[in-house]
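Here are my notes on the model, as numbered points. Please read them with the structure open.

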Amino acid sequence: MSSADKNLSVFNTTGLPDISNKKFAIVVAEWNSEVTEKLFEGAYQTLITYGASESNIERGNVPGSFELTLGAHWFAQREDIDAVIALGVVIQGETKHNDYINHAVAQGITNISIQNNKPVIFGVLTPNNMEQAIDRAGGAFGNKGDEAAMTAIKMVGLKDQVAGK
Ligand code: DLZ
């Protein structure tokens, strides 16, 4: 199976940390909202399924994926937030924006994660067309939002492990 065909909602759940007291922020791009709303639902439900409480999940919207970095940075700066999940969809085949947005956001998310010393998860779909996006937002290949939330959970656990907690 190539990584492009991977079911994004199938993951190893052994040894997951207790996240009942962990706080998460989910930043959602409004571009391609029919898909990003599905990503949000997947991320939110995965956090709940694995132990987060509803009151510990905060959502913020940004206009497009390009704004995910700053939106996520604002949340990541807050001491009470343990991890931030950034969700967006940039259709590669439609515009040259892929060259600018995807690379900028990937680099931006990496930078703010390190600057703020906490997980900031890149949950941006970069498909060639809308059909591929839908397949990965609750369709045939699972949901990138699920995967992003699971990544946040695992990184929160690893941070505590490294800190000896
Ligand atoms: C302008 C633009 C375009 C053409 N395509 C997308 C896209 O496919 N996905 C997305 O999330 N955002 C897109 N945007 C909006 C930019 O991310 C950004 O909001 C604007 O360039 C304003 O900074």
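1. Start with α2 and α3. This is a predicted model. Helix α2 covers residues 68-76 and helix α3 covers residues 97-116. Their axes cross at roughly 15°. Angles under 35 degrees count as roughly parallel, and α2 and α3 are therefore roughly parallel to each other. The two axes come within 9 Å. The crossing of α2 past α3 is right-handed.

2. Which residues of α2 and α3 meet? From α2 come L68, T69, A72, H73 and A76. From α3 come A104, V105, G108, I109, I112, Q115 and N116.

3. Next, the surroundings of α2. Seven of its nine residues are buried, so α2 is largely enclosed by the rest of the structure. The buried ones are L68, T69, G71, A72, H73, F75 and A76. What do these buried residues pack against? Helix α3 is one of the partners. The others are strands: β1 (24-29), β2 (57-62), β3 (83-89) and β4 (120-125).

4. Leaving out residues up to four places away in sequence, E58 touches K23, F24, A25, I26, F75 and R78. F75 is also one of the buried residues of α2.

5. Helix α1 spans residues 33-49, and helix α5 spans residues 144-162. Their axes come within 6 Å and cross at roughly 40°. That angle makes α1 oblique to α5. The crossing is right-handed. On the α1 side, the contact is made by L39, G42, A43, T46 and L47. On the α5 side, it is made by K144, G145, D146, A149, M150 and I153.

6. With 0% relative accessibility, A149 counts as buried. Which residues does A149 contact, leaving aside neighbours within four places in sequence? They are A43, T46, L47 and I85. A43, T46 and L47 are among the α1 residues that contact α5. The C-alpha atoms of A149 and Q45 lie 8.8 Å apart. Along the chain, A149 and Q45 are 104 residues apart.

7. Finally, the aromatic rings. How many aromatic pairs does the structure hold? There is one. The rings of F40 and Y44 have centres 5.7 Å apart and planes at 35°, so the pair is tilted. F40 and Y44 are four residues apart in α1, which means that about one helical turn separates them. An α-helix has 3.6 residues a turn, so residues three or four places apart point the same way. Both F40 and Y44 are buried.

8. The charged end of R59 sits over the ring of F40. It lies 4.4 Å from the centre of that ring. When you view the aromatic pair, show R59 along with F40 and Y44.

Technical notes:
Residues numbered from 1 in each chain as written. Predicted model: local features only at pLDDT ≥ 70, side-chain atom pairs only at ≥ 80, totals over all residues. Heavy atoms only, no water. Phe/Tyr/Trp six-rings, centres within 6.5 Å; stacked < 30°, edge-to-face > 60°. Helix = DSSP H or I, 4+ residues; strand = E, 2+ residues; numbered from the N terminus. Buried < 20%, exposed > 50% of the residue type's maximum accessible area, 1.4 Å probe, protein only. Lys NZ or Arg CZ within 6 Å of the ring centre and 35° of its normal. Axes fitted to C-alpha atoms, helices over the stretch in contact; angles between N-to-C directions. Parallel < 35°, antiparallel > 145°, perpendicular 65-115°, else oblique. Left-handed = near helix turned anticlockwise from the far one by under 90°. Contact = heavy atoms within 4.5 Å.
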